[in-house]
Amino acid sequence: MDEVIQVTQWLSSITPRKKAKLFFFTTHADAPSPMVGSNDVDTHEETQLPLATTVALHNFKNIDEFLKKKVNTFSCYNVIENEITKTDYEYLRFYSACKYLDVVPPFLDLEKISAIQNKFEMTDEERDYRLLLDSADLVLEKVCDSLKPAGVSQMWTALRKDRNLIRGVKTIDIIGFFVDPNPTGIKECLFFFIVRFLQKADKINRVNTNRLERLIAQCDESSSCEEGKTIDFIIDSLRFYPTELYPFGFCLIMCVIEGRDGAMQEIEKTMEISRHLGMITHTEKNPTKETIELVKKELMKPKYQFYSSFTCWFMSHGDSNSMVLADGETIEREWFLTSFPDISTFQLKPKVFFMVSCRGANKFSLKGDEFEGQSATCDYYDIGSALIRNRMLDITDSVRDISYVQPMMDTLVAYSTILDHLSGRANTHGSIYVDRACVLMSENISRVRSLTEILEHLSQDLHEILQETMDEDRIVYKQACHYDSFFRKTLKLPYTRHPKEDVHSAPQ
């Protein structure tokens, strides 16, 4: 059959809503930066004009033309070995979006997709199409699905009132002030236009969504939300790090085995819980400084742009400032923690470090009943209160910026013990901290708890356990863990999502 006819038949089989979503996923806002080849970038017209004209004219002609152009480009594309191009990236995104929406063209060359995945050096686990979907876009899709056409129309009205933001933007004028979003697919096109416009204007990204939340907050709940949804529910969904679908992220396990009883148990537990959480895992036994440098170089490869989060378990002996490697050399803990968050492939994504080692030799020793628990309370104020809000600074958009980000932002470092203190171990099971952390994460996964909630529970659980030194003194002591967080959103742990067990049902 003629290819033109095939493409036409394929497009006619896709509903307007799915066309809008396919266009949205295909025009992803944050393409990976370490790309070789074409210097061409998505233009304002490419990503927004088809959406604007579709909303204004109530027909999908321009989106159809865009999708036809993509299909034709891929059809003529020759995969060049060893060189990753922008088209490679777009091809994978297009394929994953089609697969997600259950609209894969029957004529799409799957051998080319496999060849491109080879260029990205993807393992068998990484060839799951869900890895290629952008989690932030999936969250925004759910927000759109939670809103009625009237809600998106109210967002549009609120956006149009921000004259400084929309001044001189032609696509805004194409749509006009009053919009009828009720025809099938038009609501989606208008919402996705608003999102892409705010992204291109550098007002929102995968972490900073305040500007979008403020537009949603101006909607009338009774007329703007789908059944069972509320404005608060929709806004709350934007306040979590986007880690939708499988995999939950990439997990790196580094464990010094030499001289550490139970170290293999630590590896088994951390591997089990990371897989239970739906992470793709890599283990380095007995790491050296050279190993660490090689891992950092590996994580700079383009394929890691597709991951939604990064987790690292580092288990070794240590003191207040450093950690002991397998060859007896030491590395500064601060150097390790500041070198990984700066890796570009995981920017604007949650990065979690579990640092399991002693940080000194001190012990919180227990002597009889001479210890008492202490608690502290603090006052909380309702910022929604008019009285309080009137006393706050008026922070305008003109003094806000989301372009420049401190490297440590979106990073959480969890320590197995406090500074200058021991980190307890069991002879056969290894680190008690690792054991309790894995148990609690496993128990809480089905409840979709946030990571910090679990770490707080872990702090309570660990501090209840009486431990004993292995030396002659046999001192009974308690261990206290803690974490430092630079998170800007909440990181929720997912339901169990093993790739072989996950059954995907396509969106409407």
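**A guided reading of the predicted chain**

The chain exposes about 24600 Å², of which carbon and sulfur atoms supply 48%; accessible areas come from the Shrake-Rupley method with a 1.4 Å probe, and for residues only the protein chains shown count as cover. This is a predicted model, in which local features need pLDDT of at least 70 and side-chain atom pairs count only at pLDDT 80 or more, while totals for chains, interfaces and linings use all residues. Residues are numbered from 1 along each chain as its sequence is written, and side-chain values use heavy atoms, with hydrogens and water left out.

The secondary structure comes to 21 helices and 13 strands. Helices (H or I, at least four residues) and strands (E, at least two) are DSSP runs, numbered from the N terminus. Of the 508 residues of the chain, 50% count as buried; the term buried means under 20% relative accessible area, exposed means over 50%, and partly exposed lies in between (1.4 Å probe, protein chains only). Among contacts in the chain with a separation of 6 or more, 79% are between residues 24 or more positions apart, where contact means heavy atoms within 4.5 Å.

Side chains of opposite charge can pair when their charged atoms come close. The structure holds 26 salt bridges, each being a side-chain nitrogen of Lys or Arg within 4 Å of a carboxyl oxygen of Asp or Glu. One of them joins Asp 64 and Lys 19, with the closest N and O atoms 3.0 Å apart. This pair links distant parts of the chain: Asp 64 lies in helix α4 (residues 61-76) and Lys 19 in helix α2 (residues 16-26), 45 residues apart. Asp 64 is buried, with a relative accessible area of 17%, and Lys 19 also counts as buried, at 9% relative accessibility.

Another salt bridge is formed by Asp 88 and Lys 119, whose closest N and O atoms are 2.5 Å apart. It too links distant parts of the chain, since Asp 88 belongs to helix α5 (residues 86-101) and Lys 119 to helix α6 (residues 110-119), 31 residues apart. Asp 88 counts as buried at 0% relative accessibility, as does Lys 119 at 12%.

Helix α5 also contains Tyr 91, which is buried, with a relative accessible area of 1%. Leaving aside neighbours within four places in sequence, Tyr 91 is in contact with Phe 74, Tyr 77, Leu 108, Asp 109, Lys 112, Ile 113 and Ile 116. The C-alpha atoms of Tyr 91 and Thr 73 are separated by 9.2 Å, the two residues being 18 apart along the chain.

Further along is helix α12 (residues 186-200), which has 15 residues and reaches 21 Å from its first C-alpha to its last, close to the 21 Å expected at 1.5 Å a residue. The expected span is 1.5 Å times one less than the number of residues in the helix. Because 14 of the 15 residues of α12 are buried, the helix is largely enclosed by the rest of the structure. After α12 comes Asp 202, whose phi is positive, near 60°. Glu 188 forms a salt bridge with Lys 187, the closest N and O atoms being 3.7 Å apart. Salt bridges that share partners join Arg 17, Lys 21, Glu 141, Asp 145, Lys 187 and Glu 188 into one network.

The later part of the chain carries an annotation. UniProt, in an unreviewed entry, places the feature "domain: Caspase family p10" at residues 410-443; UniProt positions are given in the numbering used here, feature names are shortened, and annotations may be inferred rather than shown by experiment. Over residues 410-443 the chain is 35% helix and 26% strand, and the end C-alpha atoms are 25 Å apart.

Strand β8 covers residues 411-415, and five of its five residues are buried, so the strand is largely enclosed by the rest of the structure. Both faces of β8 are covered: Thr 411, Val 413 and Tyr 415 are buried on one side, and Leu 412 and Ala 414 on the other. Strand β6 (residues 351-356) pairs with β8 in the parallel sense over five bridges; two strands pair if DSSP finds at least two bridges between them. The bridge partner of Phe 354 in β8 is Ala 414. With strand β13 (residues 482-485), β8 pairs in the antiparallel sense over four bridges, and the bridge partner of Val 413 in β13 is Asp 484.

Finally, Lys 269 has its place in helix α16 (residues 263-276) and counts as buried, at 12% relative accessibility. Leaving aside neighbours within four places in sequence, Lys 269 is in contact with His 429, Val 434, Asp 435 and Cys 438.
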